[in-house]
Amino acid sequence: VQLQASGGDLVQAGGSLRLSCAASGTIYSINDMGWYRQAPGKQRELVATISSEGFPNYVDSVKGRFTISRDNAKKMVYLQMNSLKPEDTAVYYCNAKIKQVWLSNVITYWGQGTQVTVSS
């Protein structure tokens with residue numbers, strides 16, 4: 001299983017970006033999917049998650065600005081980021097909780113990260 005994240009870029013404060021993450025490989029089902037971020041010198045933190053039924057959850061600092069969504073048929077998760085702030089600057093990682101076959105355990109997989117830089 002691989003997760004491939006894309007969409008990171010350099011953007012001015014107040015701008016928008018859309019991150020995408022595609023899951024591939026042997027996949028029976030995908031449970032929760034999510035986005036995390038890690039700024040320089042800081043621990044990785046949760047940004048948003050979305051259940052297989054499409055119920056989202058956000059960290060308080062991004063509520064009202066970011067929207068997480070997923071396309072189950074395409075095995076993709078997205079993060080629409082609006083009104084970006086310099087403090088949103090970080091490497092963004094996607095993850096997904098995946099069962100590879102019917103009777104397998106759920107394993108959390110991570111993407112490689114995509115850099116988001118917001119200039120003031």
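Predicted model: local features only at pLDDT ≥ 70, side-chain atom pairs only at ≥ 80, totals over all residues.
Residues are numbered from 1 along each chain as its sequence is written, and side-chain values use heavy atoms, with hydrogens and water left out.

So, how many salt bridges does a search of the whole structure find? It finds four, where a salt bridge is a side-chain nitrogen of Lys or Arg within 4 Å of a carboxyl oxygen of Asp or Glu.

Let's start with R37 and D88, whose side chains meet at 3.0 Å, N to O. This pair links distant parts of the chain, 51 residues apart: R37 is in strand β4 (residues 29–38), and D88 is in the loop between β8 (76–81) and β9 (90–99). Strands here are DSSP E runs of at least two residues, numbered from the N terminus.

Buried or exposed, what is R37? R37 counts as buried, at 5% relative accessibility, and D88 is buried at 0%. Buried means under 20% relative accessible area and exposed over 50%, with a 1.4 Å probe and protein chains only.

D88 also forms a salt bridge with R65, at 2.8 Å, N to O. R65 sits in the loop between β6 (56–58) and β7 (66–71), so this pair ties together parts 23 residues apart in sequence. R65 is buried, as is D88.

Finally, K63 and D60 form a salt bridge at 3.0 Å, N to O, and here D60 is exposed, at 60% relative accessibility.

Technical notes. Helix = DSSP H or I, 4+ residues; strand = E, 2+ residues; numbered from the N terminus.
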